[in-house]
Each structure stands twice: as C-alpha cells, then as structure tokens.
Amino acid sequence: MMLKADFHTHTTYCDGKNTPAEMVKAAYDMGFTDFGISGHGDYSPAEPGFGMTDSILSSYMKELYELREQYRGKMNLYIGIETDCLGPVQKAEYTIGSTHYLEKNGTFVTVDARAEVQKNAVHQLWNDDWYAFTRDYYETEALVYDRTSCDWVGHFDLITKFNEGYRYFDESSDDYLEPALAAMKKLHRQGLPFEINTGAISRGYRTAPYPNPILLKELHAMGGRIIINSDSHAVNTIGYHFDQAVKVARSCGFDRTLILKPGGGFREIYLP
C-alpha cells in the first residue's frame with residue numbers, strides 16, 4: 001500500500017507544468033485521499049518575476065477554493081504556499097518554509113538552480129570554501145520559521161541537490177554536520193516537522209530523498225516529526241517514489257508520518 005497524501009506540489013501558477021485542475025484530477029485518479037498544492041511565493045528581490053505576486057496569489061486561491069468544492073466528499077484538497085526564507089511573507093492555508101537563496105556581499109545566490117551556478121557562486125563569493133557555503137546556508141535555514149511562520153520545513157538540506165556521491169563536500173564531516181544540526185535543533189524546538197522530499201529524484205539530480213539519512217536519524221533521536229512529499233511539478237510525479245521515502249524513513253527509526261487534516265493542523269498516521 002502506498003501513502004495517499006501529498007502536500008508539496010506546483011502548478012502553472014509558478015514553475016509547474018500542469019494546471020491546478022490537471023494536478024488535482026491526476027491525484028484523485030491515483031486514489032489520493034489528501035492532496036495539497038503549494039505554489040511558490042514571490043521571490044523578489046532575489047529573483048524578480050519568479051513566484052506568485054499578491055494578485056496572482058489571489059487568483060490562485062480563488063481557483064483552488066473552487067476545485068475544493070468540486071472535489072468535496074471525494075478528496076480532501078488543501079491550499080498552500082511555499083515561501084522562501086529571504087522572500088516576502090505571504091499566506092495561504094498552510095506554509096512550507098524553504099531556503100532557495102542566500103545573500104552574500106549584497107548578491108543573491110540561488111542554491112538549487114544549476115550545478116554550475118552553485119559551483120561558480122562558491123568560487124566567486126566563498127573562495128571555493130564549500131563548508132563556509134554550507135554554514136551560511138544553514139545559518140539562513142535556521143531562520144526559516146522566524147521569517148515565514150511556516151508549518152513545516154521543506155527539503156531541509158536542499159543545498160545537497162548537486163552533491164550526489166559527496167561530489168563537492170562530505171555530508172558526514174563535522175564541518176558540514178555541526179551547522180546543519182544546530183539549525184535542525186532550533187527548528188525542532190520551534191515545533192516544526194521536517195519534510196522527506198523526493199523532488200530531486202524525479203528531476204534526476206539525486207537517487208535518494210532529502211534529507212540525508214544521517215540528519216534523519218538525528219531528527220528521530222530528537223523526537224522529531226516527518227511529513228512525506230513529492231515536490232511534484234507535473235502530473236506524472238505526484239507521489240513520486242513514496243515507497244522509497246517510506247523505506248528511508250523506517251530505516252532512520254520513524255514508524256509514523258504526518259498528514260494535514262481538514263480545518264487545519266496535522267494528524268499522525270502509521271507508515272504504510
């Protein structure tokens with residue numbers, strides 16, 4: 001049996017390939033009982049023109065309210081937004097807090113655009129010191145709740161998107177883990193669940209979900225909570241590799257995950 005709930009997805013309102021109606025229908029046809037769309041918020045000034053302005057967000061909310069009525073009694077539909085730690089604060093019914101950008105010496109750097117962009121930024125702004133780069137990332141990530149009041153942490157170690165096989169830095173080293181765990185501990189103390197995210201697998205960058213199992217095991221030891229999501233940008237990646245995500249979660253000690261519940265908040269279910 002596969003987990004039939006997914007709350008981190010994108011549509012043509014931001015950088016997704018399908019409309020909300022197409023995404024919702026695909027999730028329903030797959031047998032999902034709970035489904036959420038979480039369009040990217042406005043990322044100005046880091047990347048003007050990317051994400052939903054307030055006027056686009058208003059149209060997005062209206063369309064999703066209409067879709068919710070259409071599927072009422074058939075599937076629970078939730079209306080979310082993914083906001084960036086350095087972006088404007090916008091609200092929907094739930095918020096995923098993520099760090100896609102860093103600011104260094106007055107320059108905004110996208111951490112997950114392309115490998116060469118990331119590598120060039122580390123060369124130019126961090127003098128090829130990958131651990132200084134990761135430290136700055138986690139110091140920013142530690143502020144994601146303070147700045148967004150999010151409901152959970154999206155792809156906590158997004159900075160590793162292009163680091164398959166520890167290509168640029170060693171994710172088991174103290175230089176990497178110390179700032180990562182400091183951020184994780186702070187966000188956990190603030191009551192946030194952490195997302196297990198399969199999006200980089202579907203886009204061909206990774207062979208395993210975020211976060212790294214080292215971090216997931218530490219999260220479990222803290223008494224942390226997880227929520228499994230696909231970060232889907234198209235109908236064919238909804239629920240992508242959830243079987244793998246469940247196996248990773250179990251291997252790190254988790255036997256339950258969270259899903260949203262109608263009216264707000266979470267409920268805990270056992271992993272399938």
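**Helices here are DSSP runs of H or I with at least four residues, strands are E runs of at least two, and both are numbered from the N terminus.** This is a predicted model, where local features need pLDDT of at least 70, side-chain atom pairs count only at pLDDT 80 or more, and totals for chains, interfaces and linings use all residues. Residues are numbered from 1 along each chain as its sequence is written, and side-chain values use heavy atoms, leaving out hydrogens and water.

**View 1. The end of H1.** Just after H1, glycine 31 takes a positive phi of about 90°.

**View 2. The buried side of H1.** Helix H1 spans residues 20–29, and its Pro20, Met23, Val24, Ala26 and Ala27 are buried (under 20% relative accessible area, with a 1.4 Å probe and protein chains only; exposed is over 50% and partly exposed lies in between). These residues sit on the same side of H1 because they cover an arc of only 160° around the axis, taken from the directions from the helix axis to the C-beta atoms. Their cover includes strand E2 (34–40), helix H2 (54–71) and strand E3 (76–84).

**View 3. Where H1 meets H2.** Pro20, Ala21, Val24, Lys25 and Tyr28 of H1 touch Glu63, Leu64, Leu67 and Tyr71 of H2, contact being heavy atoms within 4.5 Å.

**View 4. A closer look at tyrosine 28.** Tyrosine 28 belongs to helix H1. Is it buried or partly exposed? Tyrosine 28 is partly exposed, at a relative accessible area of 33%. Setting aside neighbours within four places in sequence, tyrosine 28 is in contact with Tyr71, Lys74 and Met75. Glycine 41 is 13 residues from tyrosine 28 in sequence, and 25 Å away in space, C-alpha to C-alpha.
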